[in-house]
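Please look over the sequence and the model below before reading on. The paragraphs that follow lead from one region to the next.

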Amino acid sequence: MQIYNFGSGPGMMPPEVLQQAQQEMLSWNGSGISIMEMPFTSAEFQQIADQAKQDLRDLLMVPDNFQILFMQGGASAQFSLVPMNLLANTAKTQVDYIDSGYWSKKAIVEAKRYSTVNVVLGRKGTNDLASENINTFNPTANYCHITTNETADGTQWHQLPETGAVPLIADMSSDFLSRPIDFSKFGLIYAGAQKNIGPAGLTIVLIRDDLIREPIATTPSAFSFKVVADTNGRFNTPLTHAIYMAGLVFQYCKKMGGITAIEQLSKVKSQRLYQAIEQSDFYRCLQPANLRSRMNVCFELVDNQLTELFLTMAQEQGLINLAGHSAKGGIRASLYNAMPIAGVVALARFMSDFALEHQVVV
Ligand SMILES: *Cc1c(COP(=O)(O)O)cnc(C)c1O
């Protein structure tokens, strides 16, 4: 049976990438050893890491004044590492955080340990960050933090706030590599790998040169952006195998036609599914149309009591990991880059069949 994994993270990986990794598992490139066994200081591994960085740079057109860091600890570690690294030796200890849901709230909790946080409410059924909240942004903030896609809530910003000279810092964990990035807006972007990139733990940080500075004194050296940048990721053993896997995914993204092709596909997939929800009285999507995520499509059954049955039957048909976030309930279909259109078509067909079968006839 064909399995389609709609899990929100760790998410689906491209089968081609897993197959290549399988082939190279025991002996990478005729070396007789696995990547996992290879010294991180070797020329071979350095080449793998450099190539991965270059491919990512090409894909997203990362400007020269941004460095790519391969870090550890997931996006949750960045919730602390961003303030620890950016707020030292400055009088500017106030920061703006746009609260758009589950993950931005978590980031705010951590940031409050290091700084004075001005919470900007970013959502109220509108996508209008620019006008509605313009007065609540602090023009003298050290930075402004945004979560571009709220994985648990099923919402995504399709426009960015105007923060002027205040650098925008983004948690892009769940929509990284799904659309182009306008780097002129950002000072720092981070993303945990397990949604659209590769194995969990690996964390990508794209940081503008001028923001690489001495962190606060209690920061572990392994978590200092400056140390990681200055040592080219060799301060301690990097996530060698995860970096290799991410590199394979970057090459796969290039083969897919790059970010514009990926974005197009992502639009088609999500539109197809939102349409299936809209066209039925059986399902409903509570997210306002202009905030709906292309990555995590959240919806519910109008008759909530059928949700468990829906999930069980979907699973029996190979449509797995469709349960909504534990704090939210309902259904969540994550449509990361590796999800083919066929998976979305299969889900839409299942939804229609299920609705027919369980529709209350009046
Ligand atoms: C998954 C996720 C996180 C948490 O990532 P970890 O690797 O578990 O720390 C943070 N932010 C967003 C937007 C996410 O989707």
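Which residue with a positive phi follows α7? That residue is G257, whose phi is near 115°. The model is a predicted one, and what is said here about its geometry should be read accordingly.

Turning to the helix itself, α7 has 16 residues, which at 1.5 Å a residue should span 22 Å, and the end C-alpha atoms are 23 Å apart, in agreement with that expectation. Of these 16 residues, 12 are buried, so α7 is largely enclosed by the rest of the structure. The buried residues include I243, M245, L248, V249 and F250, as well as T240 and G247, and among the elements that cover the buried residues of α7 are the helices α1, α2 and α8 together with the strands β2 and β10.

Leaving aside residues up to four places away in sequence, R234 touches F40, T41 and Q46; R234 and Q46 are 188 residues apart in sequence, yet their C-alpha atoms lie 9.6 Å apart in space.

A further pair of helices is α3 (residues 74-86) and α4 (residues 102-111), whose axes come within 8 Å and cross at roughly 45°, and α3 and α4 are therefore oblique to each other. Their crossing is right-handed. The contact is made by S76, F79, S80 and P83 of α3 and by W103, K106, A107, E110 and A111 of α4, and by class it has 5 nonpolar, 2 polar and 2 charged residues.

Notes:
Residues are numbered from 1 along each chain as its sequence is written. This is a predicted model: local features need pLDDT of at least 70, side-chain atom pairs count only at pLDDT 80 or more; totals for chains, interfaces and linings use all residues. Side-chain values use heavy atoms; hydrogens and water are left out. Contact means heavy atoms within 4.5 Å. Axes are lines fitted to C-alpha atoms, for helices over the stretch in contact, and angles run from 0 to 180 degrees between N-to-C directions. Helices (H or I, at least four residues) and strands (E, at least two) are DSSP runs, numbered from the N terminus. Angles under 35 degrees count as roughly parallel, over 145 as roughly antiparallel, 65 to 115 as roughly perpendicular and the rest as oblique. A crossing is left-handed if the near helix is turned anticlockwise from the far one by less than a right angle, and right-handed if clockwise. Ala, Val, Leu, Ile, Met, Phe, Trp, Tyr, Cys and Pro count as nonpolar, Asp, Glu, Lys and Arg as charged, and the others, Gly among them, as polar. The expected span of a helix is 1.5 Å times one less than its number of residues. Buried means under 20% relative accessible area, exposed over 50%, partly exposed in between (1.4 Å probe, protein chains only).
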